[in-house]
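Please look over the sequence and the model below. A short report follows, topic by topic.

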Amino acid sequence: MICALGSSLCFGTASVLQALGARAARPGTGGGVDVALLWGALRQWRYLAGLSLDGIGFGLQVVALLTLPIYTVGAALAASLAVTAVVCSWLLKVRLTRMEWAAVAVVCGGLAMLAFASGTEGEGHGSPALRWAMLATAFGVLGIGVVAGRLPNRPRALVLGLGAGFGFGVVEVAVRLIDGPDLANPAWYALLVGGAAAYLLLTSALQRGSVTTATAGAVLGETIGPALVGVVWLGDRTREGLAWAAILGFTIAVAGALVLARFGEPPAPAVGALEEAEAEARGRREPGT
């Protein structure tokens, strides 16, 4: 559980940095799968710092997925929005309402219930059909991005967010379907394609559209589907007699994360405030100022 919470901390902090980098980059094609936008974001140091934290978080996530049920890890990842909210309130001086502080507490309470009720990971390794299904879903995420790029602004954000969530969900499941360095295993390619597609769609969602809607869609996409796959096909279970606590904890944690969905990206004024603070700090370091 420590690894799951550590990955949540890394991903939550990375979201703020990546959002700043995505907003500073210029859009390319304007579609849902915008490689030019991602390339521009990769030239921003904040986005790269966020990716570095994502790399650390992914390593911790893999360890967590090998020792915990998918539903526990998924809820912890959704809880990264609570981390993002706190980081925004501290770094970008974004004021949290009482309801949002309450949502942070609710997320923590839900995770505590999950930690208490969750058992060990399931012993199922998944059938070959499930591995191929994950690869097909990964390519389907790219298709979602293409379709989303042609939609009006309001539904575009939701579709991009759901697509990104599905991509991250594929990664969660694929980790459990990989037994070793067997390149004939479709799960390896599902992991790579799903992760790359998720980042493409998420970057587009961060740069334009309703980020609150997109982030809420991503939370739903990366939690519910993988949790069901883990329980139905991979044998994830709870402690004896505590299924109700796991379900309640999962629901509470995800619901709290949805309340905090607006922190999928810091507001534009906060971005300018950060730039101003950095300029002031540079001025203090220069001699004669």
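Where is the place of Thr 215?

## Thr 215

Thr 215 sits in helix 10, which covers residues 211-232. The model behind this report is predicted. Thr 215 has a relative accessible area of 11%. Buried means under 20%, so Thr 215 counts as buried.

Which residues does Thr 215 touch, leaving aside those up to four places away in sequence? The partners of Thr 215 are Leu 81, Ala 261 and Gly 264.

## The chain as a whole

The protein chain contains 12 helices and zero strands. Its pattern along the sequence reads α-α-α-α-α-α-α-α-α-α-α-α.

How much of the protein chain is buried? The protein chain has 289 residues, and 50% of them are buried. Now take the contacts between residues at least 6 apart in sequence. Of these contacts, 85% link residues at least 24 apart.

## Helix 4 against helix 8

Helix 4 spans residues 70-78, and helix 8 spans residues 153-177. The two pack at an angle of about 145°. Their axes lie 11 Å apart. The crossing of helix 4 past helix 8 is right-handed.

Which residues meet in this contact? Helix 4 brings Ile 70, Gly 74 and Leu 77. Helix 8 brings Glu 172, Val 173 and Arg 176. By kind, the residues of this contact are three nonpolar, one polar and two charged.

## An aromatic pair

How many aromatic pairs does the structure hold? There is one. It is formed by Phe 168 and Tyr 199. The ring centres are 5.7 Å apart, and the planes stand at 85° to each other. Planes over 60 degrees apart count as edge-to-face, so this pair is edge-to-face.

The pair links distant parts of the chain. Phe 168 belongs to helix 8, while Tyr 199 belongs to helix 9, residues 186-207. The two are 31 residues apart. Is Tyr 199 buried, exposed or partly exposed? Its relative accessibility is 22%.

Phe 116 lies in helix 6, residues 98-117. What lies over the face of its ring? Arg 239 does, at 5.9 Å from the ring centre of Phe 116. Phe 116 touches Arg 239 and also Leu 242, not counting residues up to four places away in sequence.

Ala 246 is 130 residues from Phe 116 in sequence. In space, their C-alpha atoms are 8.1 Å apart.

## Ser 118 in the loop

Ser 118 lies in the loop between helix 6 and helix 7, the latter at 128-148. Is Ser 118 buried or exposed? Its relative accessibility is 6%. Ser 118 therefore counts as buried, since the cut-off is under 20%.

Ser 118 touches residues from separate stretches of the sequence, not counting those up to four places away. Among them are Leu 68, Pro 69, Tyr 71 and Thr 72. Arg 237, Thr 238 and Arg 239 are also touched by Ser 118. Ser 118 and Arg 237 are 119 residues apart along the chain, with 7.0 Å between their C-alpha atoms.

## Ile 247

Ile 247 is part of helix 11, residues 243-259. Is Ile 247 buried or exposed? Its relative accessible area is 56%. Exposed means over 50%, so Ile 247 counts as exposed.

Ile 247 and Ala 117 are 130 residues apart in sequence. Their C-alpha atoms are 9.0 Å apart in space.

Notes. Residues numbered from 1 in each chain as written. Predicted model: local features only at pLDDT ≥ 70, side-chain atom pairs only at ≥ 80, totals over all residues. Heavy atoms only, no water. Axes fitted to C-alpha atoms, helices over the stretch in contact; angles between N-to-C directions. Helix = DSSP H or I, 4+ residues; strand = E, 2+ residues; numbered from the N terminus. Left-handed = near helix turned anticlockwise from the far one by under 90°. Contact = heavy atoms within 4.5 Å. Nonpolar A, V, L, I, M, F, W, Y, C, P; charged D, E, K, R; others polar. Phe/Tyr/Trp six-rings, centres within 6.5 Å; stacked < 30°, edge-to-face > 60°. Buried < 20%, exposed > 50% of the residue type's maximum accessible area, 1.4 Å probe, protein only. Lys NZ or Arg CZ within 6 Å of the ring centre and 35° of its normal.
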